[in-house]
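Dear colleague,

Please find below the structure that I am handing over to you. My notes on what was found in it follow directly after.

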Amino acid sequence: MMREKNFKKENNPYEGQALWRKHVLKYFCLALLLLFSSLGFSNNIKGKIQDSKTRESIPFANVLVKNTTNGMMSDSDGNFNLNIEKFPCTIIIKFIGYKSQEVRVENKNQFLNVMLEEDVVALNEITVKPDNSYERSLLRKVIKNRKKNNPDNYQPLSYKDYTRTTVFLSNLGVKTSQSKTFRKSADAFVKSSDSTLMMPFYMDETISEHARKDKVDNSHITAQKSDGILSQVNPQIKTILHKKVTTEFNFYNNQIDILTRGFPSPISSTALMYYNIYLSDSIVSNKVKHYKFNFFPKSYKNITFKGHFWVEEGSWALTEIKASLPNSANLNFVKDLEAHINYEKLSDEKWFYKTQKINLKLTINKKEGKKRKKKTFDVQKLICYRDANTNNLAPFAEMPSSSYALLNTEASNNKIIAFRHEVAPLDTFEQSAYKGIKKLKENKFIKVADKFSAMTLNGYYNLGKLDLGPYFSFYRKNEIEGHRFTLPLRTSEKLFKNFMAGGYLGYGFKNKELAYGGNVKVMLPTKKRSILSANCHYDYFDLTKNKFVEFIRENPYQQGGGNIISSFTSKVPNPYLIRNRHIDISYEHQVNKSLGILVRPALNRYYSNYNLAFNQGNQSLSHFDTYNVMLDARLSFSQDYDEGFFSRIYYGNQKPVFHISTLMGQYKLPVKGGKKSGYYANVNLSMKSRFNMGPMFLKSMIEGGAVLGRVPYPLLQMPRGTRDIGSARYHFNLLHHSSFASDMYMSAHLCLNGGGVLFNKIPLIKKFNMREVVSFKAYYGKLLGNHDKVMKIPNMLQAPGKEPYMEMGFGVTNIFKCLRVEYVNRINKGAYFDKFSSSHGFRFRIEVSF
């Protein structure tokens, strides 16, 4: 915005051509003199102002020449360029909350690197009276009008947007491009304007139309084109970038969810808990006053922004905001994060988005190395909004492909369209990057990296027309099988798009027995996602395996709550495994974006062994059979996901997910004189969610249900425990392998990550970026039915007592960015609980997060 100025037109008082030329010549010579004097005799002093502890730039600090009125403010990055009339002189640097500093300047060639120290004493002596504070009263008006000015609440509204996202791997060095790995692809690398060598990684252009009415937002993509060097994971990269990394920033919300973390907004209802906010400027534009506020984190270790925003008097709406994340913030892998949003006024005097520019750098280490710069992923996103109004929009103006095309595609089925307003087409640099992506995709090293990247997401390594995996099933150890190795394979997407057949073969070196299984899946030709599948296996499974664990863990590559440390640290290998022969047919159908259903009839035969005997009265049974059908309904509130090959991949959902499941069936026991049978049902309700609370977040999983009817004990509900040092997410860390048996049950698994709110304030410790962890787990159950009449319950299974079983853990995570250490203590005391659980212990987990 520019300050309004009044200009008066004056008539030329001179008459006559000669007199006019004389004055033109005089002013021309004067202009040349001033130009050469400014170029040849500039007395400007340059410098940078930083915090002496954090090395963060201090924007908008006052820089003055002592005993003069000559001065200026540093820019948003702490830089200044001050004109000096004569040398030597003394410069004074001032900023609220810091000690003033005087610097002696001898000559114009001196660069000033000013380090300001916090003025702790001065801050403690300040008494703030919000009722009398002019800037606080203005800020309260901005916060009070948040809901009214929030663009997400405008009804009705139609608009269109153009989004361009580019990702580069930068700071590679010439040696990388000239190495054997990339020698044939050297010309695929590009150089930025500052000569930084960059590998093009991913590019996307999208044009979308949005219509919002009666709180229903209907959006669809008009045209889209994207490409990246990792072909198999391009859809996942796109989802992560657009939903988790460079999501649209709405500072009217109390917090912005980025990278699965919550960033408090500087105009949130709790902004003053996280920010120091100051009124720094005001201007008049179109006869309306606008105010500028600067905001800074109260602690530079907190995950909060720094920057400034402008608001309009009267409406108290944002007109512009620029925010960046301090590099010192306790956020992994993010070196730089900047967001710049401009708003424009609609016809009804409301402000809506005009553009959003987001820049992000991801790196393993935020600090630059002394000898070479660390490699970073540079992510840039531009969103242009246009024609936002309360009426129907006119169609886009069509343009020929020679004038504009998505990513310069030469043979796209997409409609070639553009905005009526000017949108910058791909420049020469971006065009070269797009061509580089096409070439790098053919590089052998990139192809292998593509396969391993896909494996981390879906659990399978592609071998061409076959997939090897899931990789977490290759090895396990237990008392029955000893060391167990498994070879799992399935047909890949390259063989059939809508059909998959797979299987596995396992061998236990202790029992010298084979285990095997297979499955077939077909994607039905329906409008809504529908899958028909058949599964069978003859294998060993934990007695305490949760019958509904697939709904809790969701993603196909997770192990339901265990971790890799558990596979190698078992002090007591699990002896309570049961052999199961199983056949089922499943039908999955997605009713809408929020609701999915599953129907699964199944046949099972369970076999007894020396640890898990089947006794009915005085008779020993070799096995028993069940015939059942499972019904499941999943309510997810439009959870984001990616479609994999017959599976869905979910990324850190912020909304709760509910499952309502029912298992109904009949069991048959082969007793003497015939078969004894009975009917039963198992009703289960589970809820999993994550709540962001500023720098902190809470993960929760709550489950409950009931087993109806008398049943053999393997059909009862049993909480799963561990006997190793691995920290389990959905298991109990101090329980033995088998402990309780219940027909009514409820369990809760809660984990609070403090985000460093305490550790960030402790000297020396805060530089390690560690985070606090508090966990709580509880199980409450009842054994109401007389199930011993059907099958005798073994002695190692206890009927739950009146007191719920509870564990509580206190620990530290983000150690070396990948390790969590937790001390777990059993809240329950007494000999009764000592029979089936440890009293305390340390647990470890590989845990990586932003």
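Thr239 touches Lys244, Asp642 and Tyr651, where residues up to four places away in sequence are not counted and touching, or contact, means heavy atoms within 4.5 Å. Thr239 belongs to helix H6 (residues 234–245); helices (H or I, at least four residues) and strands (E, at least two) are DSSP runs, numbered from the N terminus. With a relative accessible area of 12%, Thr239 is buried. Here buried means under 20% relative accessible area, exposed means over 50%, and partly exposed lies in between (1.4 Å probe, protein chains only). Thr239 and Asp640 are 401 residues apart along the chain, yet their C-alpha atoms are separated by 8.4 Å.

Please note that this is a predicted model, in which local features need pLDDT of at least 70 and side-chain atom pairs count only at pLDDT 80 or more, while totals for chains, interfaces and linings use all residues. Residues are numbered from 1 along each chain as its sequence is written, and side-chain values use heavy atoms, with hydrogens and water left out.

The chain as a whole

The chain holds 11 helices and 44 strands. Of its 850 residues, 48% are buried.

Nonpolar cores and a surface patch

In soluble globular proteins, nonpolar side chains tend to be buried together. A nonpolar core is defined here as a set of buried Ala, Val, Leu, Ile, Met, Phe, Trp, Tyr and Cys residues joined through side-chain atoms within 4.5 Å. Which residues of the largest nonpolar core touch the most other members? Among its 77 residues, they are Phe249, Phe251, Phe305, Phe309 and Leu337. Apart from this core lies another, of 23 residues, including Leu621, Leu669, Leu715 and Leu716. Leu337 has contacts beyond its neighbours within four places in sequence, among them Phe249, Ile258, Phe263 and Phe305.

There is also a nonpolar surface patch of about 800 Å², whose residues include Leu495, Phe496, Phe499, Leu532 and Met664. Strand S28 (513–523) and strand S30 (577–590) are the elements that give two or more residues to this patch. Patches are made of residues with over 30% relative accessible area and no salt bridge; like charges are joined within 9 Å, and nonpolar side chains (Val, Leu, Ile, Met, Phe, Trp, Tyr) within 5 Å. Leu532 is located in strand S29 (residues 530–542) and is partly exposed, at 38% relative accessibility.

Strand S28 also contains Gly517, which is buried at 13% relative accessibility. Gly517 and Asn535 are 18 residues apart in sequence and 7.6 Å apart in space, C-alpha to C-alpha.

Salt bridges

A salt bridge is a side-chain nitrogen of Lys or Arg within 4 Å of a carboxyl oxygen of Asp or Glu. By this rule there are 27 salt bridges. In one of them, Arg490 pairs with Asp467, with the closest N and O atoms 3.2 Å apart. Arg490 lies in strand S26 (residues 482–491) and Asp467 in strand S24 (residues 466–468), so this pair ties together parts that are 23 residues apart in sequence. Arg490 and Asp467 are both buried.

Arg529 and Glu643 also meet through their side chains in a salt bridge (3.2 Å, N to O). Because Arg529 lies in the loop between S28 and S29 and Glu643 in strand S35 (residues 641–643), the pair ties together parts that are 114 residues apart in sequence. Are these two residues buried or partly exposed? Arg529 is buried, with a relative accessible area of 17%, whereas Glu643 is partly exposed, at 39%. Further, salt bridges that share partners join Arg476, Glu481, Arg484 and Asp539 into one network.

A buried serine

Finally, Ser268 lies in the loop between strand S13 (261–264) and helix H7 (271–274). Ser268 is buried, with a relative accessible area of 0%.

With kind regards

Notes. Areas by Shrake-Rupley, 256 points an atom, 1.4 Å probe, with all protein chains shown as cover.
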